[in-house]
Amino acid sequence: MKDTFGISRVIEPKGAIPVTAWKIDNRREINEREIRINTRLVHMEKSSFEQICYECGYDEDRIKAKIIDIVQKRGKLHNPFTDSGGMVYGKIEEIGKVFKENRPWYNVGDEVLCNTTITSVPLFIEKIESIDYNYGELIIKGYTILFENSPMFIKPEGLALNYTMTTLDEAGSIYTINTMVKLGMRVLIIGKDLVSTMVYIGSVKKALGENCYILTIMDNEACGSLTYKQVETVILKYADRFRIVDVTNPIEAVEEIMQEDSHLMDFTINCEDLSGSEVLSVLMTKEKGSLYFTNLRNGYSKAILIAESMGKEITTYSLDQYYEGYDNFTIQLLTEMRMDLDEINNMYESNKTAYTFGDKATAQRNLNKTNRIDDFVFASPVTKNLADQVINIANYDCNVIIQGETGVGKEKILELIHKNSNRKSNSCIKINCATIQENLAESEFFGYEAGAFTGAQAGGKKGYFELANNGILFLDEIGQLSPALQSKLLRVIQEGSFYRIGGTKQINVNVRVICANNIPIHKLVEEGKFREDLYYRLNICSIDVPPLRERREDIYCLAESFLAKYNKQYGIYKELTGDALKRLASYDWPGNVRELENKMHRIIINTSINRIDIADVDMIINENIYSDIAFDLKTSFRNSARINFAEIIESQEKKLLEYALKQEGSTRKAASYLNMTQAQLMRKKQKYGL
C-alpha cells in the first residue's frame, strides 16, 4: 500500500494511523511523498485551546509550555483531554519528488493553509511567540510535515488569516447548509462565537437572499471580550432577530424567546457545545422540521432521543466531512463578507478587555471528562496518571508509602490498591498512628496474652498485625511513632513474625504494609526523626498524591459527586450553576478534598433554593474573612467612644487585599476577584506594603 497519509511516521502504537496514534515522528527530514511547511500560525480547535488555558490557570507562560510539551511528547498537537487539534499556515520549505509530480502546482515559497486536522500531521514547535485568545491562535517558529493526500491550498489574497482559519475549520458544514436551506424558511442559528455565527448566517443568506427569516441565539457567555451591543450590531446586518439567552437553561430560554414570536423554526443550526443546546434546538424546531449539528460534541445523539421522547418528528443531520471544493465555496463566502469580518477584527483589537472564557463551557468540559474507578472520581489528566500508577502498583505485593498534604485523599488511594490487589478478599486494617497512646502502642500493634499486665483482657487480645494477617495494614501518620516502636515495627516487617506481650509462642504473619504521612518521610529521616532502615523497608514503592489546587479539573466532578451524595442523603435535588462550579474551581483548597466535601455539605444545607449560585459558594468559602471583619469592627465600636472612619476603611481594605492576593495567587487574578484593574490593585498593594 502506498503511504500517502503518513503511516511510516507512526511511532506508537504500531499498526495505527497518524490521527489515532499516540506518538508520531516529527523529524525534519522528509521522504519523496511529503512536504515541509515553515509554520508561522497554528489555529487550535476551540475546546482544546480553552481546556489548556484553564488547566494552566490562564498563565501565558504555562500555556506555551503545556502546548510545547504536548508536541514534544506526541510529535503533533493532539490534546489528549479533548482529543482535538486544529490547522496550520506557513510557507512551503521543501517538496518531495513524488509529491511534486502528483501536485505540480505547489512550489517552494508558496504560502499555504493546511485544511486537515493537526492531530494527523507531524508538527515541531521551537517557540511560541504570541497567543491570540479571541481566535485561539498561536504565532510560532516551527514546521509541519504534510503528506501526499493532505488537504491544503494556497493562501487567499485579501483575507485575514484569523477568521479564515476559524471558518475553514467548519468548511464542510458551511457548504452543506448552503445546499440544504429552502426559500421561505424560518432558520434558527445557535452560535458559539461571533465569527463562525456570522459565517453560518452568511451561508444561509447566500442561498436564500432576503427570502427567509433568520433568528440568531447566543449563550450569555459567548460574546467573549465584546459587549452585547457590539455583537448585536454586527449580527443584525444579516439576521432578522438576535437574542442572548442562558443556553444551559433551555426551558426558560424558549419561554423568553417565544414571548416575542411564538412561531417555531423550519431549520435549526446548532453550533454550540454547551449541554442544553440540544434541548433548545429540539424545542425551537417545528414538527417535521430539520435540525443540523455542526459538530459531534453538541448533543446530536441526545437530540434524537429528546425528539423521540416528545413524540416530535424531526430530521437530524450532523457535521459533514471535508471534501475537495468546500474550501473554494468558503473562501468565496469570506470574500463577500470581508468588510464585516474585518470590522469584527477591529473591534477585538480596539477592545482592551482581556478575553475571558465561559464558566459554563469550562465546567461542562470537565464534567464530561469525569472518570470513575469504583468510587474514586476524577477528571484531571494528572489524576488519571496517578490512578494508572496506583493500579499498576496494586498488582505487586510490596510495601508502599503514600505521601501528600492533609486531606488529599490518601485513604482513597489505599482503597484503590486494596480492591485491585490479590489481597482484596482479606482485611484492610486502618490505623491512625497519631491517636495511639505511647504506653499502649506495643500492645495495640502486637497484642498480648491473658494476664500479661494489670487490666489485660482475660482471653488476651490480637494486635493490628494479627488482625491484618493475609491482608493489608495501613499506618496513617506513621511519622508520629516513637523510635522504640519504629525499631519493633522494623523487626516484624523484616522477619514476618513477633511475640505478643507476655507470650512465648512466635506468631507468623503475612501482611502488606502501606503507610502514609503528610510530611515526606525522607525529610523526617534527614532530621533524625525516623529510622532510615525502616524507611527503606517501607519505601519499595512511593505514591505522591498532588494537592487539589494542582488538579483543578477534579474539583468539578468531586463537587458534583458530593452534591449527589448529600442530595440522596437528605432526599433533595439541588444543582450547581456554571458560575458556582467555576468559583469552587478557582479556590485553592488548602484542606484539599476533605475541605471541599465539608464546604459542599455546608453550602447545600445553607442554601434555601434548589439552584446553588456563586453567591452561595462565596458566602461559605469567605466566611472567615467576613467573620474577621465583623469581629474587628465590633471590637473597634466597643473599645472606642469615637470611631476613626478613615482608619477602619483602610484596615478593612488592607485585609481584603491580603485575602485576595493569598487566595488568587497573582495580582491579575486578585484584581479580577476584587473587580478592579491590575494597576489599581498594584497601587493599593504598594500603599499598604503588601
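Predicted model: local features only at pLDDT ≥ 70, side-chain atom pairs only at ≥ 80, totals over all residues.
Q: Are helix 22 and helix 24 roughly parallel or roughly perpendicular to each other?
A: The axes of helix 22 (residues 578-586) and helix 24 (residues 614-621) cross at roughly 30° and come within 8 Å. Angles under 35 degrees count as roughly parallel. Helix 22 and helix 24 are therefore roughly parallel.

Q: How many residues of the contact of helix 22 with helix 24 are charged?
A: On the helix 22 side, Asp579, Ala580, Arg583 and Leu584 take part, and they meet Ile614, Val617, Asp618 and Ile621 in helix 24. Of the residues in this contact, five are nonpolar and none is polar, while the number of charged ones is three.

Q: Is Trp105 buried or exposed?
A: Trp105 forms a tilted aromatic pair with Tyr106, at 5.8 Å centre to centre. Tyr106 has 3% relative accessibility, so Tyr106 counts as buried. Trp105 has 53% relative accessibility, and the cut-off for exposed is over 50%. Trp105 therefore counts as exposed.

Q: How many residues apart are Phe446 and Phe498?
A: The ring centres of Phe446 and Phe498 lie 5.6 Å apart with planes at 45°, so the pair is tilted. Phe446 sits in helix 16 and Phe498 in strand 20, and their pair links distant parts of the chain, the two being residues apart by 52.

Q: What percentage of the residues in the chain is buried?
A: The chain has 28 helices and 25 strands. Of its 690 residues, the buried share is 53%.

Conventions:
Residues numbered from 1 in each chain as written. Heavy atoms only, no water. Axes fitted to C-alpha atoms, helices over the stretch in contact; angles between N-to-C directions. Helix = DSSP H or I, 4+ residues; strand = E, 2+ residues; numbered from the N terminus. Parallel < 35°, antiparallel > 145°, perpendicular 65-115°, else oblique. Contact = heavy atoms within 4.5 Å. Nonpolar A, V, L, I, M, F, W, Y, C, P; charged D, E, K, R; others polar. Buried < 20%, exposed > 50% of the residue type's maximum accessible area, 1.4 Å probe, protein only. Phe/Tyr/Trp six-rings, centres within 6.5 Å; stacked < 30°, edge-to-face > 60°.
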